[in-house]
Amino acid sequence: MRLSRYFLPLLRDDPKEAEIISHKLMLRAGLVRQSSAGIYSWLPLGLRALSKIEQIVREEQNRAGALEMLMPTIQPAEIWRESGRYDVYGKEMLRIADRHEHEMLYGPTNEELITQIFRDSVRSYKEFPRILYHIQWKFRDEIRPRFGVMRGREFLMKDSYSFDLSVEDARASYNKMFVSYLRTFNRMGLKSIPMAAEAGPIGGDLSHEFIILAETGESEVYCHRDLVRLAPPGPELDYAGDLSPIIRNWTSKYAATIEKHDAARFIQEVPEADRVTARGIEVGHIFFFGTKYSEPMGCKVQCPGGELVTVQMGSYGIGVSRLVGAIIEASHDDAGIIWPRAVAPFDVGLINVKSGDRNTDAACEDAYAKLEAAGLSVLYDDRDDRPGAKFAAFDLIGLPWQIIVGPKGIKSGEVELKQRSSGARHNMSFEAALHHLVASATELRKEAA
């Protein structure tokens, strides 16, 4: 993509309405623009990052055996009355009526709708277990939306739902999603720590939040240092096997959000040298709630002996749009965003230091064609602008790599390759730089396998 033809409205200064670093950088780097309080338009660069994150979430859900579907954003109020949540959910739910005065709502979550679909569609125990998911926009009318996409009113969410015949089977489904989340966030370059959590309005007696540590995190968290060092499951993971040893490994050490923190237990169970007190950002939340929805909504199935069994359920959420902000909170510096390779909007930025110079333009055109032919996504700065402005712009948007081409380098047969995360710069032939970038992309694909 040529930057001269792209839509990338950068801002020089921090907007006054932005309170936290991710909100400031998302506005300055041209990722989003606010439509109204807590509601954002996603501009081309932001949408590319959002789509990368969404695809990783999708791949890991599919790997765990979940089946993708798509439910509507607007739901009938009657199914929420069936579950008993319509009158108790609160003002966060946007309630509307259509032209026929039918009561509707903009879905803040989908437990009722998916329970209705499953209840009306499944008759036999042979169709268990099942995990269904979708990635869809949600709306919750926050009383004070703030922090950009971190606490907006409209947000993109992956929510999956498990259906099982027994509590034991339901725990196995819960474990699949637990492990899937560890892999999902690791692929995004994030270190997530599962922590015991309150179930909130979703309900249930088993719940974990997945927290990433960040200095600018929204809440205080406490955990054993071993959990920070623990590596997530690798590509050899078998979801058909027993996942309970992995779960024990991640839940046997102390980890709690401020809401569930027990100071006395923390001191008793964790040696002083291993106590981690930090700020954290929630990026995922999973729940097992048994028959909370299936019982009042009559979601039952006939077992081999003829008896009717109420279906055991769980739900599992990932804030896809929220993750864009969370990643930036965890990965930035004074110059701007530092995208992890897997979620970067483009693989590499190609910077023409002297647009209009015949030799430099020709070298950049050749490099641009070869980078794209090698399967790399490229944002090529072919604008007629000062080199300093170009360097600042590319540091701000945070692509993992920059290839800088100028007249001096052309004379010596070299380009400059800059790694955004470390700031390291190396002069080398373009062929060597291309080989390095292709090797990096190959490594990333292996990690995703």
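The expected span of a helix is 1.5 Å times one less than its number of residues. Keep that rule at hand for this predicted model.

**Stop 1: helix α5**

Select residues 167-187, which make up α5. The helix has 21 residues and reaches 30 Å from its first C-alpha to its last. That is close to the 30 Å expected at 1.5 Å a residue. Step past the end of the helix. G189 follows α5, and its phi is positive, near 85°.

**Stop 2: helix α7**

Move on to residues 244-251, helix α7. Which residues of this helix are buried? They are S244, I247 and W250. Look down the axis of α7: its buried residues fall within an arc of 125°, so they line one face of the helix. An α-helix has 3.6 residues a turn, so residues three or four places apart point the same way.

To see what covers these residues, show α5 again, then β9 (192-196) and α6 (225-229). All three are among the elements that cover the buried residues of α7.

**Stop 3: helix α10**

Select residues 358-373. This is α10, with 16 residues. From first C-alpha to last, α10 reaches 23 Å, close to the 22 Å expected at 1.5 Å a residue.

Color its buried residues: T360, C364, A367, Y368 and L371. Down the axis of α10 they fall within an arc of 105°, so they line one face of the helix. Turn to the other side of α10, where R358, N359 and A373 are exposed.

What do the buried residues of α10 pack against? Show the strands β19 (348-352), β20 (378-381) and β21 (401-405). After α10 comes G375, with a positive phi near 90°.

**Stop 4: salt bridges**

The model holds 30 salt bridges. Side chains of opposite charge can pair when their charged atoms come close.

- Pick E112 and R85. Their closest N and O atoms are 2.7 Å apart. E112 lies in helix α4 (residues 111-121) and R85 in the loop between α3 (77-83) and β5, so the pair ties together parts that are 27 residues apart in sequence. Both E112 and R85 are buried.
- Pick D381 and R383. Their salt bridge has its closest N and O atoms 2.8 Å apart. D381 counts as buried because its relative accessibility is 0%. R383, at 23%, counts as partly exposed.
- Pick E416 and R425. Their side chains meet in a salt bridge of 2.7 Å, N to O. E416 is buried, at 18% relative accessibility; the cut-off for buried is under 20%. R425 is partly exposed, with a relative accessible area of 43%.

**Stop 5: a nonpolar surface patch**

Switch to a surface view and select I74, L94 and I96. They form a nonpolar patch on the surface. How much accessible area do they have together? About 200 Å². I96 lies in strand β5 (residues 94-97). Its relative accessibility is 36%, so I96 counts as partly exposed.

**Stop 6: K292**

Finish in the loop between β13 (275-290) and β14 (300-302), where K292 is found. K292 counts as partly exposed, at 35% relative accessibility. Draw a distance from K292 to E154. The two are 138 residues apart along the chain, and their C-alpha atoms are separated by 26 Å.

Definitions and conventions. Residues numbered from 1 in each chain as written. Predicted model: local features only at pLDDT ≥ 70, side-chain atom pairs only at ≥ 80, totals over all residues. Heavy atoms only, no water. Patch = residues over 30% accessible without salt bridge, like charges linked within 9 Å, V, L, I, M, F, W, Y side chains within 5 Å. Areas by Shrake-Rupley, 256 points an atom, 1.4 Å probe, with all protein chains shown as cover. Salt bridge = Lys/Arg side-chain N within 4 Å of Asp/Glu carboxyl O. Helix = DSSP H or I, 4+ residues; strand = E, 2+ residues; numbered from the N terminus. Buried < 20%, exposed > 50% of the residue type's maximum accessible area, 1.4 Å probe, protein only. Arc of directions from axis to C-beta. Contact = heavy atoms within 4.5 Å.
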